[in-house]
Amino acid sequence: MAGIVLLSGGLDSTVALALYLEKGSIDLALTIDYGQRASRNEISASRKIAEFYNIAHQVIPIPFLQEQTHSALVNRSENLPLIEYNKLDDLEGQALESARQVWVPNRNGLFLNIAAVFGENMGDHPVIITGFNREEAATFPDNSLDFIEAVNRCLAFSTQNNVTVFSPTSIYEKKEIVREGLRLNVPFNYIWSCYESGNKVCGQCESCQRLKRALLKNDAKELVRELFEIDQK
């Protein structure tokens, strides 16, 4: 079966890629540029990761999506939400508010349908690999197993060659994704898991905080120092 990975250059999609390669092959990595703040960093990270795994890489620009949202993830005039480290599991407070501020309309649904178009030209039963996770599904329902099931029901009608979506990370929390990444020797130094753009990660956005926590829960203090350029004791 042909494999297509939706690769953002972040932790989840990179580990999902590596997990899938344990039992299958991936023919193409797609990175979507929808005008997000970190698009340049994400494209650069994704390109390095695709080269590392010897996978063809293509960037798909969809500028209209930027025009259809006021999300802080896209709108540079809006401040990115900052979340306290000890509030990452506050599902009725800071975590929920952070998710609302960076929500992009139907983003994951659109990405999967774009990938399915490519899948229609890749033989029978192609698989779209994506890096959803249980932890963020609590505030981003389009990361959930229910969402994957719903998308696969739709693709059964909208594709002729049985394109399906599979997320090897969907049953994991971030700490478990990091654990698997360490086991598989994923190139953590290539990833970009920050909402912001710049020469280094901000270290304060929700995505940075979740990665930092997951690394520390795996006692990967050296990686914390390297990725966040801090002295973590």
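Colleague: What makes H1 oblique to H8?

Modeller: The axes of H1 and H8 come within 10 Å and cross at roughly 50 degrees. Axes are lines fitted to C-alpha atoms (for helices, over the stretch in contact), and angles run from 0 to 180 degrees between N-to-C directions. Angles under 35 degrees count as roughly parallel, over 145 as roughly antiparallel, 65 to 115 as roughly perpendicular and the rest as oblique. H1 is therefore oblique to H8. This is a predicted model, in which local features need pLDDT of at least 70, side-chain atom pairs count only at pLDDT 80 or more, and totals for chains, interfaces and linings use all residues. Residues are numbered from 1 along each chain as its sequence is written, and side-chain values use heavy atoms, with hydrogens and water left out.

Colleague: In which hand does H1 pass H8?

Modeller: The crossing of H1 with H8 is left-handed. That word applies if the near helix is turned anticlockwise from the far one by less than a right angle, and right-handed applies if clockwise.

Colleague: Which residues make the contact of H1 with H8?

Modeller: Leu 11, Asp 12, Val 15 and Leu 19 of H1 meet Lys 174, Ile 177, Val 178, Glu 180, Gly 181 and Arg 183 of H8, where contact means heavy atoms within 4.5 Å. By class, this contact has 5 nonpolar, 1 polar and 4 charged residues. Ala, Val, Leu, Ile, Met, Phe, Trp, Tyr, Cys and Pro count as nonpolar, Asp, Glu, Lys and Arg as charged, and the others, Gly among them, as polar.

Colleague: How do H8 and H9 cross?

Modeller: The axes of H8 (residues 174-183) and H9 come within 8 Å, at a crossing angle of roughly 60 degrees. The crossing of H8 and H9 is right-handed. Lys 174, Lys 175 and Val 178 of H8 make the contact with Arg 210, Leu 211, Ala 214, Leu 215 and Lys 217 of H9. Of these residues, 4 are nonpolar, none is polar and 4 are charged.

Colleague: Why are H9 and H10 called roughly antiparallel?

Modeller: H9 (residues 206-217) and H10 (residues 221-228) pack at an angle of about 155 degrees, with their axes 8 Å apart. That angle falls in the range over 145, and H9 and H10 are therefore roughly antiparallel to each other. Their crossing is right-handed. H9 contributes Cys 208, Leu 211, Lys 212, Leu 215 and Leu 216 to the contact, and H10 contributes Lys 221, Leu 223, Val 224, Leu 227 and Phe 228. The contact of H9 with H10 has 8 nonpolar, no polar and 2 charged residues.

Colleague: Which residues lie nearest the centre of the largest cavity?

Modeller: They are Ser 8, Asp 12, Glu 42, Arg 107 and Asn 108, out of 37 lining residues. The volume of the largest cavity is about 750 Å³. H5 gives the most to its lining, with 4 residues. The lining divides into 18 nonpolar, 12 polar and 7 charged residues.

Colleague: What lines the second largest cavity?

Modeller: Its lining consists of Glu 135, Glu 173, Lys 174, Lys 175, Arg 210, Arg 213, Ala 214 and Lys 217. H8 and H9 are the elements that give two or more residues, and H9 supplies the largest share, 4 residues. By class, 1 lining residue is nonpolar, none is polar and 7 are charged. This second largest cavity has a volume of about 30 Å³.

Colleague: Where does the largest share of the lining of the largest pocket come from?

Modeller: H2 gives that share, 4 residues. The largest pocket has 17 lining residues, of which Asn 189, Tyr 190, Ile 191, Trp 192 and Val 201 lie nearest its centre. Its volume is about 350 Å³, and its lining divides into 8 nonpolar, 5 polar and 4 charged residues.

Terms used
1 Å grid on protein atoms, 1.4 Å probe; cavity = no way out; pocket = protein on both sides within 12 Å on 5 of 7 lines; lining within 4 Å. Points joined across faces, edges and corners; volume = space filled by probe spheres on them.
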